[in-house]
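Here are some quick notes to go with the model, written to be read with the viewer open. Start with the ligand, then move on to the helix.

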Amino acid sequence: MLKGKTALVTGSTSGIGLGMARAMAAEGANIVLNGFGDEGEIEAARAGLAKDCGVEVAYSGADMSKPAEIVAMVEEAEARFGAIDILVNNAGIQYTATIEDFPVEKWDAVIAINLSSAFHTTRAALPKMRARGWGRIINTASAHGLVASVEKSAYIAAKHGIVGLTKVTALETAGSGITCNAICPGWVLTPLVQTQIDARAARSGLDEAATITAMLDRQPTKQFVTVEQIGGLACFLCSDAAAQMTGVPIPIDGGWVAQ
Ligand code: NAD
């Protein structure tokens with residue numbers, strides 16, 4: 001379905017981003033991976049994806065908190081592949097504390113990586129998408145882009161912000177062959193969430209299983225969403241069936257925001 005297209009997925013060295021990159025590579029898209037991690041593991045993931053799916057896979061170590069590195073990443077991807085057809089703004093970090101205790105530098109980092117990076121990538125990638133008359137921009141928001149929880153002020157502000165950016169991008173590109181939508185996952189068991197499980201377990205004294213049960217209280221199905229399910233939704237958004245879907249925050253959250 002995506003043969004001949006190129007997808008740049010920010011924050012794709014683990015978790016949801018890697019899941020979306022895998023799903024798109026399986027549909028034939030060339031991939032630009034991005035994110036941090038162990039150099040050997042990243043190279044193994046890059047080479048494995050290329051071999052398994054018969055596509056080209058590049059890697060950029062650009063830091064999504066640094067606008068100049070973001071622009072350079074987009075330019076390098078365009079120089080190699082011609083254009084970025086599919087842009088997935090997925091890189092994200094979490095930090096939890098009440099507002100009074102929230103360190104200013106953590107606020108700035110969460111807003112930069114989870115929100116501003118999507119503005120910088122979109123701004124840089126749009127001209128070539130417009131020239132081709134086709135594009136898909138998928139922003140990873142969250143159930144926390146639609147509803148709030150305590151102790152996540154920066155994350156929730158960023159995720160509500162990216163839902164707003166999604167709507168503006170959709171309106172500014174309407175009718176051009178480009179769509180922009182936001183995926184809003186509930187709990188997905190990735191390294192980002194494992195850190196929260198460990199912290200909660202240490203704080204409460206509960207074991208891991210009991211901590212997970214307590215966390216899934218917000219998610220009516222009581223099951224984690226999987227990265228494969230999110231990859232499937234991302235591929236659907238790239239399909240012709242989704243050509244008239246734009247500006248939508250789409251929950252994939254086991255019923256979380258239905259409550
Ligand atoms: P993860 O920690 O597994 O992945 C985060 C990715 O972002 C990694 O590849 C990491 O290297 C990259 N990254 C972090 N800081 C970066 C930076 N400065 N520059 C470039 N890359 C950077 O976490 P995940 O759960 O897969 O999260 C991916 C996205 O999904 C995030 O935007 C997160 O907010 C969102 N999300 C996650 C959940 C969940 O339950 N896991 C739910 C809703 C939304």
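1. Of the elements around the ligand, α6 gives the largest share of the shell, with three residues. Keep in mind that this is a predicted model.

2. In total, 30 residues surround the ligand. Thr13, Ser14, Tyr155, Val188 and Thr190 come closest.

3. Tyr155 puts a polar side-chain atom 2.6 Å from a ligand oxygen. On its own the ligand has 820 Å² of accessible area, and the protein covers 93% of that. The elements giving two or more residues to the shell are α1, α5 (153–173) and α6 (191–204).

4. Next, look at α2. Which residues of α2 are buried? They are Ile42, Leu49 and Ala50.

5. The length of α2 checks out: its 15 residues (39–53) should span 21 Å at 1.5 Å a residue, and the end C-alpha atoms are 21 Å apart, which agrees.

6. Finally, the two ends of α2. At the start, a side-chain oxygen of Asp38 comes within 3.1 Å of the backbone nitrogen of Gly40. Just after the helix, Gly54 has a positive phi of about 65 degrees.

Definitions and conventions. Residues numbered from 1 in each chain as written. Predicted model: local features only at pLDDT ≥ 70, side-chain atom pairs only at ≥ 80, totals over all residues. Heavy atoms only, no water. Helix = DSSP H or I, 4+ residues; strand = E, 2+ residues; numbered from the N terminus. Expected span 1.5 Å × (residues − 1). Buried < 20%, exposed > 50% of the residue type's maximum accessible area, 1.4 Å probe, protein only. Polar contact = N/O pair within 3.5 Å; in protein donor to acceptor, adjacent residues only side chain to side chain. Near = heavy atom within 4 Å. Areas by Shrake-Rupley, 256 points an atom, 1.4 Å probe, with all protein chains shown as cover.
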